[in-house]
There are 2 protein chains.
Amino acid sequence: MKRSEIVKAQARAAEMLKACNIEITEQERTSIEVACFGLNELEIQGLELITYVNTDRYCAKELLLFPLQTCPEHLHPPIGTDPGKMETFRCRSGKVFLYVEGEATKSIQGIIPVGSEPYYTVFNEIELNPGEQYTIHPGIKHWFQAGADGAVVSEFSSTSRDEFDIFTDTRIERMPTVTED
Amino acid sequence: MKRSEIVKAQARAAEMLKACNIEITEQERTSIEVACFGLNELEIQGLELITYVNTDRYCAKELLLFPLQTCPEHLHPPIGTDPGKMETFRCRSGKVFLYVEGEATKSIQGIIPVGSEPYYTVFNEIELNPGEQYTIHPGIKHWFQAGADGAVVSEFSSTSRDEFDIFTDTRIERMPTVTED
């Protein structure tokens, strides 16, 4: 991903936070993580993140999704004595459709990214509006997509070790390289 | 504490959240915890809390402080194999003065509650404004007080077991009884 695209996405994410009155420091603003998953279509499959704290006991992040942006399907595996990351998503602004394992919802509201259909396999839909939350247990496949106005989602969790996440789409690199313009 | 006082404090806390655009569900609103610590002076020494999630791995709360309201000095002790609660306070709105162990700040900005002076013993001051945060390690004595406009503080932490908190003021009951009007 090009440095200029990252800077642009960071500015857009910061604007979304400002619009819903969530304050961040200047240091946090300039280090907003822009995850394009190595797929080169950030606005379709991508995610912006601010990690407030990540200790060996707990983690808290703000997740930012542009309109209809999708975080691809993945799970958090056990690592050593850690049974895998457990996480609670709390919608703060906008709307997010979360999909987890379980009975498929008959007609889902999300749109599966074109060309990536084989990599979306769980369709139990949970709609989260501001003030609503859902907890995802370790090892459960999940993906999520913002509604038409984007979404700001607080994530409360056990320790994050994103580099171990297992994506259904084997083309994905969770930690892709940045190229200077 | 009387039921009517609790309901009044819940309504006031909910208004503070509304003023800073933090959405909660109706169920969360009616179960806002009002902690008066058995001291019968809620507006001086007290705290309002919403626990979003508290699992055996992590916890997330919203803490609400009325103008100049103080959460009395306490610490989180080890419990069994748990080394004690570790917590990160992130100011979302207003201002909070946090006091922890360490070198005493020469002239603190907070006001020690009159009549409770012997129970405030740590004075290393950390001022948190919106977007600023601080992590308190287990076993560290701390207390905090809102500025003149009150404060909304997100707490990210390891598992909460509030009933084991150790307060410097031995008159305090963390889980006092509610009396019907």
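**A first tour**

Student: What do Glu26(A) and Arg29(A) form?
Tutor: A salt bridge, with the closest N and O atoms 3.3 Å apart. The term needs a side-chain nitrogen of Lys or Arg within 4 Å of a carboxyl oxygen of Asp or Glu.

Student: Before I go on, what kind of model is this, and how are things labelled?
Tutor: This is a predicted model: local features need pLDDT of at least 70, side-chain atom pairs count only at pLDDT 80 or more, and totals for chains, interfaces and linings use all residues. Residues are numbered from 1 along each chain as its sequence is written, chains are lettered from A and ligands numbered from 1 in the order in which they are written, and side-chain values use heavy atoms, leaving out hydrogens and water.

Student: Back to Arg29(A). How does it count for accessibility?
Tutor: Arg29(A) is partly exposed, because its relative accessibility is 30%. Buried means under 20% relative accessible area, exposed means over 50%, and partly exposed is in between (1.4 Å probe, protein chains only).

Student: And in chain B, what does Arg29(B) form with Glu26(B)?
Tutor: A salt bridge there too, with N and O 3.4 Å apart at their closest. Arg29(B) and Glu26(B) are both in helix α2 of chain B.

Student: Which parts of the chain does the pair Arg12(B) and Glu43(B) link?
Tutor: Their salt bridge has its closest N and O atoms 3.3 Å apart. It links distant parts of the chain, 31 residues apart. Arg12(B) is in helix α1 (residues 3–19), and Glu43(B) is in the loop between β1 (33–35) and β2 (47–54) of chain B.

Student: Gln10(B) next. Buried or exposed?
Tutor: Buried, because its relative accessible area is 10%. Gln10(B) is in helix α1 of chain B. A polar atom of its side chain lies 3.3 Å from the backbone oxygen of Thr30(B). Leaving aside neighbours within four places in sequence, Gln10(B) has contacts that include Arg29(B), Ile32(B) and Val34(B). Contact means heavy atoms within 4.5 Å.

Student: New topic: the two chains. What rotation superposes chain A on chain B?
Tutor: One of 180 degrees, with 0.0 Å of shift along its axis and an RMSD of 0.0 Å. The copies are therefore related as by a two-fold rotation axis. In chain A, the C-alpha nearest the axis belongs to Tyr58(A), 2.8 Å from it.

Student: How many residues are in contact between chain A and chain B?
Tutor: 32 residues of chain A touch 32 of chain B. The buried area between them is about 2300 Å², and carbon and sulfur atoms give 51% of it. That is the accessible area (1.4 Å probe) that two parts lose on being put together, summed over both.

Student: Which three residues supply 30% of the area chain A buries against chain B?
Tutor: Arg57(A), Tyr58(A) and Arg92(A), more than any other three residues.

Student: How many salt bridges are there between chain A and chain B?
Tutor: Six. One of the pairs is Asp82(B) with Arg57(A), at 2.8 Å from N to O. Over all chains, the whole structure has 24 salt bridges.

Student: Which strand gives the largest share of the side of chain A that touches chain B?
Tutor: β5(A), with four residues.

Student: Last one: Ser157(A). Where is it found?
Tutor: In strand β8 of chain A. Ser157(A) is buried, because its relative accessible area is 0%. Beyond neighbours within four places in sequence, its contacts include Tyr58(A), Cys59(A) and, from chain B, Tyr58(B).

Student: And Lys106(A), buried or exposed?
Tutor: Exposed, because its relative accessible area is 88%. The C-alpha atoms of Ser157(A) and Lys106(A) are separated by 30 Å.

Notes
Copies are superposed by least squares on the C-alpha atoms of residues with pLDDT of at least 70 in both. Helices (H or I, at least four residues) and strands (E, at least two) are DSSP runs, numbered from the N terminus. A polar contact is a pair of N or O atoms within 3.5 Å; within protein, one must be able to donate a hydrogen and the other to accept it, and residues adjacent in sequence count only if both atoms are side-chain atoms.
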